[in-house]
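Here is a short tour of one surface patch and some charged pairs. Please keep the model open as you read.

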Amino acid sequence: MTRMRQLPALMMAAVLMLGAARAEAAPEAYKIDPEHLSIGFLVDHIGYAKVLGLFREAEGSFRFDRETRQLSDITVTIDSASVYTAHDKRDEHLRGPDFLNAGEFPEIIFTMTGSEPTGERTGKVTGDLTILGVTKPVTLEVTWNKSGEYPFGGGLLSKPNFVTGISARGSFKRSDFGMMYAVENGLVGDRVDLIIEAEAIRQ
């Protein structure tokens with residue numbers, strides 16, 4: 001009889017434990033480490049080769065549930081003037097009105113609108129990309145590389161931290177954002193291929 005009386009209490013304890021486990025599995029907040037963030041791009045140059053460039057200043061954050069592999073709330077803000085292609089004259093041109101017009105539009109912004117897993121460690125992220133004040137949808141193919149305790153300190157990582165690393169690839173047409181310079185004559189490619197490598201620190 002005593003055991004029968006104990007059964008409801010045991011069941012209640014099990015429910016509470018399950019609820020706690022689900023709470024622990026909730027999406028975790030991450031801040032992208034700017035010291036371990038690479039945002040690169042490739043653009044065709046007259047058909048001979050592609051120019052590889054970088055944006056050297058950016059910040060962002062997201063939420064990630066390792067159990068369900070769901071990414072959410074991704075936002076990334078890029079400093080337009082930080083564009084770099086290892087060619088001073090070209091970089092100044094890219095910052096000017098023909099391309100990024102960094103004086104009038106100092107930020108490039110990506111805001112996630114949805115995501116879905118496509119494999120054990122891969123997924124698609126859709127979002128709104130804003131360049132030159134124009135917002136268009138963009139899809140990124142994302143790979144979850146690793147999550148774990150970070151082995152080094154320094155910079156933002158002055159103490160042990162839990163870090164998640166991701167890689168992302170995507171593309172868009174710059175003409176969709178009104179960036180028409182040298183598109184018609186084919187001197188500069190319209191398609192921009194994105195290369196993103198990021199490490200983010202759990203908050």
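Ile-46, Tyr-48 and Leu-187 make up a nonpolar surface patch with about 340 Å² of accessible area together. Patches take residues with over 30% relative accessible area and no salt bridge, joining like charges within 9 Å and nonpolar side chains (Val, Leu, Ile, Met, Phe, Trp, Tyr) within 5 Å. Areas come from the Shrake-Rupley method with a 1.4 Å probe, and for residues only the protein chains shown count as cover. Ile-46 sits in the loop between strand 1 (28–45) and strand 2 (49–55).

This is a predicted model, where local features need pLDDT of at least 70 and side-chain atom pairs count only at pLDDT 80 or more, while totals for chains, interfaces and linings use all residues. Numbering runs from 1 along each chain as its sequence is written, and side-chain values use heavy atoms, leaving out hydrogens and water.

Now for the charges: there are 6 salt bridges (a side-chain nitrogen of Lys or Arg within 4 Å of a carboxyl oxygen of Asp or Glu). Among them are these:

| Pair | N to O distance |
|---|---|
| Asp-193 and Lys-50 | 3.3 Å |
| Arg-95 and Glu-92 | 2.8 Å |
| Glu-197 and Arg-169 | 2.8 Å |

Glu-197 lies in strand 10 and Arg-169 in strand 9 (residues 162–173), so this pair ties together parts 28 residues apart in sequence. Arg-95 and Glu-92, 3 residues apart in helix 2 (residues 88–95), are separated by about one helical turn. Helices (H or I, at least four residues) and strands (E, at least two) are DSSP runs numbered from the N terminus.
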